[in-house]
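Please keep the sequence and the model in view while reading.

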Amino acid sequence: MTPTIEARGVTKRFGKTRALDGLDLVAEPGQVVAVLGPNGAGKTTFVRAVATLVRPDRGSLRVGGRDVMREPEAVRRMIGLAGQFAAVEPAMTGRENLEMVARLFGQDRRSARANATSVLEQLGLTDAADRLVRTYSGGMRRKLDLGASLVGEPRLLLLDEPTTGLDPRSRIELWDAIRSLVERGTDVLLTTQYLDEADHLATHIVIVDRGRAVASGTPAELKRRVGGSVVEVHVRHRADLARVASAVGGLDHGEAQVEEATRRMSVSVEAGTDRLMAAIRAVEAAGVEIDDVALRQPKLDEVFLALTGQQLDETAQPAPAKGAA
Amino acid sequence: MATISLGAQRTTDLWTSTLVVARRAVLRFLRTPQLIVLGTIQGAMFLLIFRYVFGGAIGAGGLRYVDFLVPGFVTTGVLFTGMGAATAIAEDLEQGFVDRLRSLPIPRSSVLTGRALADTAMHTWSLAITVAIGFAVGFRLHGSVPDALAAFGLLVVFAFAFEWLFVTLGLIAGTAQAAQGMALLVFPLTFVSSAYVPVDTMPGWLQGFAAHQPLSYMVDAVRSLTQGPAAQTVLGHGAGFYVLRSLLWAAVIVAVFAPLAVARYRRG
């Protein structure tokens with residue numbers, strides 16, 4: 001079958017910066033691919049290249065078998081794009097926004113109206129449909145933006161950091177909306193800085209750093225390499241850290257990471273809950289006073305460390321707000 | 001989705017996409033009343049100041065100053081209104097709206113043609129308001145009505161021409177703030193012209209520029225069409241002379257800036 005996206009050695013420079021530096025990525029039909037990486041890794045540039053907004057300098061990039069540089073119109077007919085900034089018109093209603101995009105997709109008035117109505121319903125925006133977008137919350141705008149990328153009934157949906165900057169509740173709502181799309185059979189390429197987001201939504205994860213793909217696989221495969229979860233112990237007295245590290249660190253194949261400043265030690269484990277119990281017992285046996293023991297998902301920097309053996313570049317730490325390159 | 005369709009199989013035609021893009025720009029304008037009200041008040045204030053504060057000190061040859069001023073004022077108004085286009089297009093770039101449009105299967109130029117169409121419509125509206133204020137402060141026609149209508153038509157043509165200059169500025173600027181700064185370039189163009197004072201009252205070195213720059217021809221075209229024979233005595237040439245030259249200038253502006261805007265836009 002023709003891959004949805006086939007990128008080979010895609011390179012793009014902006015001045016002296018190499019935003020993409022020989023990126024390879026293949027997305028097959030039926031997959032939801034998450035491009036995971038820190039700020040400045042080239043995620044957004046890659047999405048913009050797939051969306052025909054940026055021309056790669058070198059390499060080849062095909063969407064549904066069509067070359068983005070030679071046949072950009074054919075590519076645009078297959079894709080729907082929702083960006084980091086909610087590109088909806090605040091002075092128009094939700095419905096008007098969707099109808100506008102549908103009309104630009106070449107639909108006549110009637111099917112534009114019908115499609116807008118069904119997308120509004122699908123995203124739970126029916127009640128707000130006839131209000132000006134100006135009055136929408138950030139989460140609603142983001143949903144509408146997602147809706148705008150849907151009214152054209154695209155084969156491939158491109159979502160650039162769909163939940164960056166949203167509050168936790170809107171984030172989960174948007175995840176639900178994206179998941180229901182996936183169930184309907186839309187292929188998705190999304191970028192994110194958050195491992196949990198990639199884990200929730202994607203069937204495949206491609207980790208990028210400095211314009212290259214550094215690792216890829218299903219979430220399960222990557223977790224096997226990283227360790228599925230992390231046991232973190234927060235001790236009361238800094239002096240106890242070493243003792244806890246040796247007690248808990250021996251639990252699994254992972255190496256204990258000690259953070260003196262925050263009085264925490266963490267170790268990645270495969271079978272989370274079993275190990276958590278064991279960790280608590282180990283801490284108890286060591287007779288150490290603790291503030292907290294927790295089981296959590298590995299953070300992006302831990303994934304990087306495990307997969308690449310490298311610390312994440314300090315200058316490229318994930319930031320909470322918008323603005324990735 | 002409820003409806004099952006194969007989606008658009010080809011690029012949406014230029015006309016439809018231009019209209020859809022233009023509709024959005026007009027709605028944005030109409031639903032932001034601050035823009036309309038402030039713009040109108042600002043225009044009226046300028047006109048009142050020139051008419052009643054400076055006017056008494058400015059001699060306009062054989063014409064009443066208000067009859068001399070209003071054609072100049074209305075014509076330069078095209079530039080002041082046009083500054084908004086630069087800001088608007090820069091905003092669309094900044095806020096990702098242009099990205100959305102560029103990722104759609106529409107002719108890329110429709111983003112610009114839609115903007116130009118919408119702005120020309122908005123210009124027509126604001127021209128009508130300015131003309132009405134002009135009449136209210138004492139401006140009168142001394143030529144035929146068809147000539148006056150032709151003058152109004154010319155103004156719309158000028159607005160369309162300058163639109164491309166502002167679209168280019170907006171695309172180059174990239175941010176709304178920078179666009180606003182760049183658009184301030186209209187001040188020398190409007191003031192060093194025949195719009196507010198007769199050019200022969202300026203120092204010689206300035207006259208060369210003031211007399212031959214596009215805006216002066218445009219102002220004098222409108223002046224001679226609305227003021228009849230009196231204008232010819234003051235200006236030195238008949239209406240045809242100015243109309244022809246102003247239209248040539250308009251054509252030159254479009255020929256230079258429309259391709260520049262399109263090229264800049266395609267580069268992304």
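Helix α3 of chain A, residues 94–104, has 11 of its 11 residues buried, so it is largely enclosed by the rest of the structure. A residue counts as buried if 20 or more other C-beta atoms, placed from the backbone, lie within 10 Å of its own; helices are DSSP runs (H or I, at least four residues) and strands likewise (E, at least two), numbered from the N terminus. This is a predicted model, in which local features need pLDDT of at least 70 and side-chain atom pairs count only at pLDDT 80 or more, while totals for chains, interfaces and linings use all residues. Residues are numbered from 1 along each chain as its sequence is written, and chains are lettered from A and ligands numbered from 1 in the order in which they are written.

The buried residues of α3(A) include the charged A:Arg95, A:Glu96, A:Glu99 and A:Arg103. Their cover includes α4 (109–122) and α5 (138–148) of chain A, together with α1 (14–30) of chain B. Just after α3(A), A:Gly106 adopts a positive phi of about 90°.

The largest nonpolar core comprises 151 residues, and A:Val50, A:Leu158, A:Leu189 and B:Ala86 have the most contacts inside it. Such a core is a set of buried Ala, Val, Leu, Ile, Met, Phe, Trp, Tyr and Cys residues joined through C-beta atoms within 7 Å. Helix α3 of chain B (residues 65–94) gives the most to this core, with 16 residues.

Strand β6(A) runs parallel to β7(A), residues 156–160, and four bridges join them; strands pair if DSSP finds at least two bridges between them. Within this pairing, A:Leu81 stands opposite A:Leu158.

Elsewhere in chain A, four strands form an open antiparallel sheet in the order β2-β1-β4-β5. Strands β2 (17–27) and β5 (66–67) stand at its edges, each with a single partner strand, so one side of each is left without a neighbour in the sheet.

The contact between the chains takes 28 residues from chain A and 27 residues from chain B. On the side of chain A that touches chain B, α2 (72–78), β6, α3 and α4 of chain A each give two or more residues, and α4(A) gives the most, with four.

Definitions and conventions
Buried ≥ 20, exposed ≤ 12 C-beta atoms within 10 Å, placed from the backbone. Contact = placed C-beta atoms within 7 Å.
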